Amino acid sequence: CTIDTFIQSIKVYTMPLPRRQLRRVTFAKVVDFARCYVSAVPPRQRRQEVPIFQTQDSNPLNFGDRDLGKVYVTPRQAFAEVFPHGLRTAFMKEVQSCGQAGILIRKPALDIINQLKKQNRFDTSLKFIINGPDGCGKTLTLAHVIQYCRRANWLLVHIPSVFQWVYSKQEVRHSLHDPQTFDQPDEAIQWLRNFRTVNSSHLATLKTCGRYTWGKAEITKAGSPLGNIVDQGLQKPFYATDAIGVLLKELAQSRGHKILFAVDEFNGLFGPTSVRDPDKQTVRPVALPLYSLFPLFSLQLKLQSLNLVTHFQKLMNSLPSESSALVTALSRRGMFHNSSAGFGVRDLLPKWCLDNVKPYVSVRVEEYTEDEMTTVLDYYVHTKWLVSGYDHKRLIEIRFLAARKPLAVQQICATC
């Protein structure tokens with residue numbers, strides 16, 4: 001409904017009226033007529049104004065430097081298709097409350113995406129380690145990269161929380177092929193279910209390279225759809241962890257498909273665990289440090305380990321050489337007996353791990369800038385997450401209390 005169209009409609013409405021009746025056309029009647037006219041316009045013809053803090057386009061493929069410092073919004077249903085497992089609890093509460101997922105476009109995410117765009121089909125795999133202070137948005141930076149790769153038709157291999165595995169209280173059982181190692185069937189089934197939901201369009205086209213035997217009778221022949229491996233693990237829980245190992249092995253051998261390996265809380269793969277075996281003994285998730293120190297005695301010194309963790313440890317040395325990327329994020333929040341004073345790459349990852357990951361690119365995520373913080377507060381007011389609004393005085397208070405950290409800003413605004 002444009003101004004010209006509305007004025008023309010007013011003329012059409014008043015033209016048949018006699019002059020004495022035209023004098024009775026008061027301002028209130030004009031307002032009533034305007035309301036009736038606007039309500040009669042179909043919703044598709046009405047122009048929806050986008051707030052100044054929000055991007056005009058919600059497609060991550062089209063974001064560039066001009067969109068830095070703006071929020072892009074994803075409807076809750078579309079967000080759940082990419083992240084069926086959800087993300088951090090605090091962020092998911094905001095998504096449930098607002099009915100949408102708003103993510104701020106920041107430079108670290110755009111830097112990674114720009115490198116992925118430049119990657120050719122035959123380039124070696126790219127590796128990124130996202131690090132920075134606690135609560136500064138490393139998980140959402142990783143989520144932004146994942147959403148871009150989903151729109152670019154990449155196959156996604158995503159671990160949303162390593163700490164959920166190594167501090168799990170779910171059932172642990174001895175492995176069928178190696179009694180010295182342990183499987184986590186409940187965690188494995190949940191991961192396979194999410195993997196199939198996100199990558200359903202790829203599982204029918206990808207084929208297996210090897211032949212696999214499940215028990216005495218069931219066999220997966222070479223050339224079978226990769227989805228058969230996923231179905232095998234979902235149908236038989238005691239094979240779920242082995243199915244993940246086979247799946248990762250097949251993806252490491254694949255060619256011609258772009259694959260993103262995204263791991264949040266990456267340092268959890270190489271630290272302590274609180275998981276206990278049926279004998280109430282703490283399970284050791286990592287045996288690789290002893291392998292690197294005593295490679296000749298690796299067979300004799302094989303330790304108890306969590307197979308689910310070991311499969312992804314081995315993946316670091318067997319990434320596809322073409323069209324793949326490993327994007328990880330470090331975290332100290334939730335670590336068991338956190339003794340690390342720093343939050344850098346060398347503070348949270350052992351040297352032998354970094355030697356296996358090299359070459360990698362360290363991506364630092366810092367606190368909000370002044371402009372970013374103002375944009376986020378405007379978004380929170382727009383979505384009613386910050387109900388009472390804010391002025392310059394409250395902006396200073398929130399900045400002081402939160403120290404410009406995204407997580408603290410979100411939590412403070414939820415209580416205002």
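1. Let's start with Cys136: it is buried, at 0% relative accessible area (buried is under 20%, exposed over 50%, partly exposed in between, using a 1.4 Å probe and protein chains only). Cys353 also counts as buried, at 0% relative accessibility. How many disulfides does the rule give? The count is 0, where a disulfide is a pair of cysteine sulfur atoms within 2.5 Å.

2. Before you go on, this is a predicted model: local features need pLDDT of at least 70, side-chain atom pairs count only at pLDDT 80 or more, and totals for chains, interfaces and linings use all residues. Residues are numbered from 1 along each chain as its sequence is written, and side-chain values use heavy atoms, with hydrogens and water left out.

3. Now find Asn194, in helix α9 (residues 185–198); helices are DSSP runs of H or I, at least four residues, and strands are E runs of at least two, numbered from the N terminus. Asn194 is buried, with a relative accessible area of 10%. Leaving out residues up to four places away in sequence, Asn194 touches Pro84 and His85 (contact means heavy atoms within 4.5 Å).

4. Which elements give two or more residues to the lining of the largest pocket? The largest share, 5 residues, comes from α7. By class, the lining has 16 nonpolar, 10 polar and 9 charged residues. Here Ala, Val, Leu, Ile, Met, Phe, Trp, Tyr, Cys and Pro are nonpolar, Asp, Glu, Lys and Arg charged, and the others, Gly among them, polar.
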